[in-house]
Amino acid sequence: MEKKKLWVSKPMERLEDDRLVLGRGRYIADLEPVPNIHHAAILRSPHAHARIKSIKVDKALSMPGVTAVLTGREVAEMSNPFPVIGPHNMKYYSCAIDKVRFVGEPVAVVVATDRYVAEDALGVVEVEYEPLDAVVDPEAAMQPDAPVLHEEHGDNIAFHKVYSYGEVDQVFGEAEIVVEEKLFFPKYSSYPNETYGVIAEYEPDRDSFTTWNNFHGPFSMHPVMCSALRTPPNKLRLIVPADIGSSFGTKIAIYPYVVLICLAAKKAKVPVKWIEDRMESLTASSSTTERVAYVRLAANRAGKIHGLDMKFIDNVGGYIRAPEPGCVLRPLGNLNGPYDIAAVRMDACIVVTNKSLTGPVRGYACQHLYFVIERAIESLAGKLRLDPVAIRRTNLITAEQMPYTTPSGGVYDSGDYPAALDKLLEISNYEQLCRFRDEKQRLGKLIGIGIALGIDPSASNMGYMQMALPEEVRSKRPMSGTAQATTIHIDHGGMVTIDLSTACHGQGHETVAAQIVAEELGVLPEQIKVISGMDTNTKAWTISTG
């Protein structure tokens, strides 16, 4: 007999709401974890592409309250370029060194006793630029006569690899019908309520850094930052506060600023705090990857799809930075989406241009793939004069095929996709919508109905990044599996404390964790205290991004 659920899946008042509504949340801007904190302001490039001929900081240093000014040349002396998976030599530092490659790229950091003084000092830092021709279109950036962003690399192609599974050429050669589309997926971002924030302290006696930052998934980027700072892992401590004002994935890309503020603290010999302002966030935080896509579908006249051939040209901005080229690699195991397609090929090309940098935004990488597949299916349905829903149902993987191994090696463990589609049609009143559309179209109105299906990989250890490497390299250092640890304490009074290895970005972690533990231990959620936030020194280590 199934045990009756008391708390899980039951509505209850959120445990964290009283604290947040009363203004008692503790966000990064609220923290003063160490004494004598100074404040940083970042000077940013007004140019999309330019050489830095000189930087004069004497006037800024002479201002009362200014402690230090950090420039790109010093950043190059004090740190390494960030490591990126892939065969290229485009160097990316936390600050521009000899060139700026996008508007908003950091050029210098001023540290002062307060933010007002630091901002004023930015105005007297003198930078001489030599403007260069810029390129913002990824296909134009691939041409031989395009301005080259990284001369040491020789061109603007940061990564290019073809992934092919099944007899793609044969399938297309034998196809009764082939549809082709050129599609464009725009650059966009999701801006959180709370901007980036970093507090960094350097301890010279230990040659170590302690930082507080509103990081989304600090464990995953910890090795990248350690490499840049030339420090062993146990000498870079990342502490994430319990409260974060949303992320939408963008705060995974905060790590260059963590490194930059660490270097500023090391030079200034004081703890340094930097809170990104809204204009900085809008200009240069992180956005999703822009994509030009060429797609072909091979099918028979009944609408059964046998082959999918895609070429992606991704625009990652002025530098390729981790976790790129994840935008093409993350959905590698589900390239066929929820459809039973025997042969799939993806030609992936990553290009740098004079736009701001890219990284994870909600649904990272998969929305790009869904858009391409679903648009191609709509074209196929139109060409065959078939109902778009019927053609999708024809191609969906069925429950009887589970577990299903995709052509690229991904495993779908369970699911009934046709049943899910039917449920979607039911709750959306699809037939009624079609009648409404047809009626309006007869009156000359432009009314349409969009439908799209997708299957998304869940928690990840970023092992897909290995697919950028040659097979002989991947086989020597495989990445597999994810983990998430939680510690539960029961005290002498019978009360329970849950210590999570996650930070809440607005999802209600405290309530959900309390529901689960109350269910298992047979106590009331009110008897449970939940501690969230992350600390790379004390919390269970995980590379999971779920």
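Val351 is buried, with a relative accessible area of 0% (buried means under 20%, exposed over 50% and partly exposed in between, with a 1.4 Å probe and protein chains only). The model is predicted: local features need pLDDT of at least 70 and side-chain atom pairs count only at pLDDT 80 or more, while totals for chains, interfaces and linings use all residues. Residues are numbered from 1 along each chain as its sequence is written, and side-chain values use heavy atoms, with hydrogens and water left out.

**Val351**
- Val351 belongs to strand E15, residues 343-351 (strands, E, are DSSP runs of at least two residues and helices, H or I, of at least four, numbered from the N terminus).
- Val351 and Leu396 are separated by 45 residues in sequence and, C-alpha to C-alpha, by 33 Å in space.

**Surface patch**
- Tyr191, Met279 and Leu282 make a nonpolar surface patch of about 300 Å² (patch residues have over 30% relative accessible area and no salt bridge, and nonpolar side chains are joined within 5 Å; a salt bridge is a side-chain nitrogen of Lys or Arg within 4 Å of a carboxyl oxygen of Asp or Glu; areas follow the Shrake-Rupley method with a 1.4 Å probe).
- Leu282 sits in helix H9, residues 278-284, and is partly exposed, with a relative accessible area of 45%.

**Cavity**
- The count is one cavity of 30 Å³ or more (on a 1 Å grid, a set of points where a 1.4 Å probe fits but cannot get out; lining residues have an atom within 4 Å of a point).
- The largest cavity holds about 90 Å³ of space (the volume filled by probe spheres set on the points).
- Among its 14 lining residues, Tyr92, Phe102, Pro106, Tyr257 and Leu357 are the closest to the centre of the largest cavity.

Note on methods: Patch = residues over 30% accessible without salt bridge, like charges linked within 9 Å, V, L, I, M, F, W, Y side chains within 5 Å. 1 Å grid on protein atoms, 1.4 Å probe; cavity = no way out; pocket = protein on both sides within 12 Å on 5 of 7 lines; lining within 4 Å.
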